[in-house]
Amino acid sequence: MKIDFEHGQAAHCESGVTSNLLKKISKGKITEPLAFGIGAGLFFVYVPLIKINNGPAIAFRSMPGFIFNRTCKSLGIPVVQKKFSSKEKAEAALMESLNAGQPVGAQVGVYYLSYFPKEYRFHFNAHNLIVFGKEGDNYLISDPIMEHATTLTSYELERVRFAKGALAPKGQLYYPGNQNEITDDQIRTAIKSGIKKNVFNMLSIPGPFAGVSGISYTGNKIKRWRDKLGLKTAGLYLAQLVRMQEEIGTGGGGFRYIYAAFLQQANDYLPNATLLQASEMFTQAGDLWRTAAVQAAGIYKGRIGSQEDFDVMGNYLLAIADIEKKAFTLLKNIKW
Amino acid sequence: MKKENVPQDLSSLGKITREVCYATDSEGKYVTQLSDGWEVKITALDVARKEIDGRIAEAKQKVLNKEASPLLFFMELRLMDAGIVADYTGFWKWQIKRHLKPDIFNRLSEKDLKKYAEAFNVKVDELKSMDVHED
């Protein structure tokens with residue numbers, strides 16, 4: 001059984017799943033950048049005291065699950081979302097939706113995802129994919145990270161739907177609750193609301209760890225990593241930062257390029273020179289994040305490693321914080 | 001980033017799928033561009049992998065020296081801390097810490113060993129011997 005559904009590749013799993021699930025009812029208008037921006041996906045946070053894979057806990061995007069929910073809510077679409085205590089019920093619910101012709105978004109863990117290369121498998125439980133049919137024992141899978149649609153056996157799918165650890169998916173399924181067509185007016189309202197929410201997240205969350213202040217906080221921390229951690233561990237920390245920033249699913253430059261693309265597309269719906277100006281600033285920020293990654297690579301490859309090199313690295317983040325602060329302030333002050 | 005500057009350094013992921021990058025065309029308009037990978041992130045992953053391989057080798061040696069049970073080796077191999085193992089097996093964390101001692105591990109029932117084997121996706125005899133063959 002196969003539902004009429006077209007796989008589309010995307011940069012980021014959640015904005016990709018969102019865009020693909022809404023493709024039919026939006027006639028393809030909700031592109032990945034629009035889903036990412038309306039879902040207020042851009043973020044930065046450094047969570048102190050917590051370690052992930054023995055390195056710093058740093059994220060460049062909002063909480064997993066946030067984008068689909070926010071995008072649908074902003075567009076006025078009800079969301080169906082279910083978690084399960086039993087594996088049998090989880091599979092039954094999936095089959096029921098598929099039989100009704102509904103492609104279904106699923107949260108999964110990456111570690112036992114069989115089509116991923118081994119090097120990329122970590123205990124990351126907030127990956128997203130779409131199930132769009134079943135043939136024999138194989139579920140048809142649209143993973144937005146992949147160029148082509150793929151399959152998972154029922155055992156393999158159950159295993160990743162019930163992956164354990166932080167953010168355990170508990171078999172979570174989700175899809176839009178109705179099939180009403182999305183109008184341009186709905187999109188315009190949703191864009192404004194998404195920008196507003198993202199401005200708040202990057203400029204106004206209290207404390208030094210999140211948003212643009214989190215970026216400068218991290219920049220200043222990095223300058224002390226060499227003394228505090230030793231060159232080897234400091235290098236591992238920088239490698240982790242780069243992976244969070246550039247690894248599959250970011251579209252490059254820690255999601256800053258997707259956001260710049262979103263602002264350009266927002267301008268198509270709500271023409272405004274400020275949107276284009278801010279878009280250029282996020283391109284600049286993305287470029288600078290990548291320059292910083294090259295500097296970090298020099299350190300973890302052992303090519304460079306003096307205190308001065310760490311200072312240069314830290315200063316890149318301070319410069320980025322400055323650009324992003326200005327860009328979000330511009331967006332904050334738009335009179336719609 | 002300009003479209004023509006999107007890096008094309010073949011990574012282990014690139015052999016399976018290329019990835020979507022957002023970049024600007026000659027008019028400054030954002031488009032998507034597929035990338036084979038980027039050397040900067042390939043080495044970031046290599047560095048992380050090497051660190052993990054070191055920890056696995058160290059754990060294996062400890063087991064061979066009878067300083068730890070095979071549980072330690074599999075926790076490093078599968079990148080699992082006691083919390084994740086607890087979630088997969090249903091044991092408490094303090095039980096798992098006890099099972100890290102070879103004497104106590106060797107007295108585990110077949111049923112308990114099976115829980116570990118399932119969590120690590122291996123067979124019970126592989127669990128005991130640390131003899132796993134996979135890609």
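Predicted model: local features only at pLDDT ≥ 70, side-chain atom pairs only at ≥ 80, totals over all residues.

Let me begin in chain A, where the axes of helix 7 (residues 211–229) and helix 11 (residues 307–332) come within 8 Å and cross at roughly 175 degrees. Axes here are lines fitted to C-alpha atoms, for helices over the stretch in contact, and angles run from 0 to 180 degrees between N-to-C directions. The helices (H or I, at least four residues) and strands (E, at least two) that I name are DSSP runs, numbered from the N terminus. That crossing angle makes helix 7 of chain A roughly antiparallel to helix 11 of chain A, given that angles under 35 degrees count as roughly parallel, over 145 as roughly antiparallel, 65 to 115 as roughly perpendicular and the rest as oblique. The contact between helix 7 and helix 11 of chain A has eleven nonpolar, seven polar and five charged residues, where Ala, Val, Leu, Ile, Met, Phe, Trp, Tyr, Cys and Pro count as nonpolar, Asp, Glu, Lys and Arg as charged, and the others, Gly among them, as polar.

Residues are numbered from 1 along each chain as its sequence is written, and chains are lettered from A and ligands numbered from 1 in the order in which they are written.

Stepping back to the chains, chain A is divided into domain 1 (1–10 + 80–177) and domain 2 (184–332), with bounds that come from an automatic or database domain assignment, and the C-alpha centres of these two domains of chain A lie 30 Å apart. Chain B is likewise divided, into domain 1 (3–37) and domain 2 (41–129), and in chain B the C-alpha centres of the domains lie 38 Å apart.

Next comes the sheet in chain A, where six strands form an open sheet in the order 3-8-4-5-6-7 with antiparallel pairing; two strands pair if DSSP finds at least two bridges between them. Strand 3 (79–82) and strand 7 (150–153) of chain A stand at the edges, each with a single partner strand, so one side of each is left without a neighbour in the sheet. From one strand to the next, the twist averages 35 degrees. Strand 8 (residues 173–176) of chain A pairs with strand 4 (residues 104–108) over two bridges, and Tyr174(A) is the bridge partner of Gly105(A). Strand 8 of chain A also pairs with strand 3, over four bridges, and there Val80(A) stands opposite Tyr175(A).

Which residues point which way from strand 8 of chain A? Leu173(A) and Tyr175(A) point one way, Tyr174(A) and Pro176(A) point the other way, and all are buried, a word used if 20 or more other C-beta atoms, placed from the backbone, lie within 10 Å of a residue's own, with exposed for 12 or fewer and partly exposed in between.

Now to some loops. Thr250(A) is found in the loop between helix 8 (231–246) and helix 9 (256–269) of chain A, and Thr250(A) is buried, with 26 other C-beta atoms within 10 Å. Thr250(A) and Arg61(A) are 189 residues apart in sequence, yet 8.7 Å apart in space, C-alpha to C-alpha.

Phe255(A) has its place in that loop between helix 8 and helix 9 of chain A, and has a positive phi of about 70 degrees although it is not a glycine. As background, most residues other than glycine have a negative phi. Phe255(A) is buried, with 29 other C-beta atoms within 10 Å. Ala40(A), in the loop between helix 2 (32–38) and strand 1 (42–52) of chain A, is not a glycine either and has a positive phi of about 50 degrees; with 25 C-beta neighbours inside 10 Å, Ala40(A) counts as buried.
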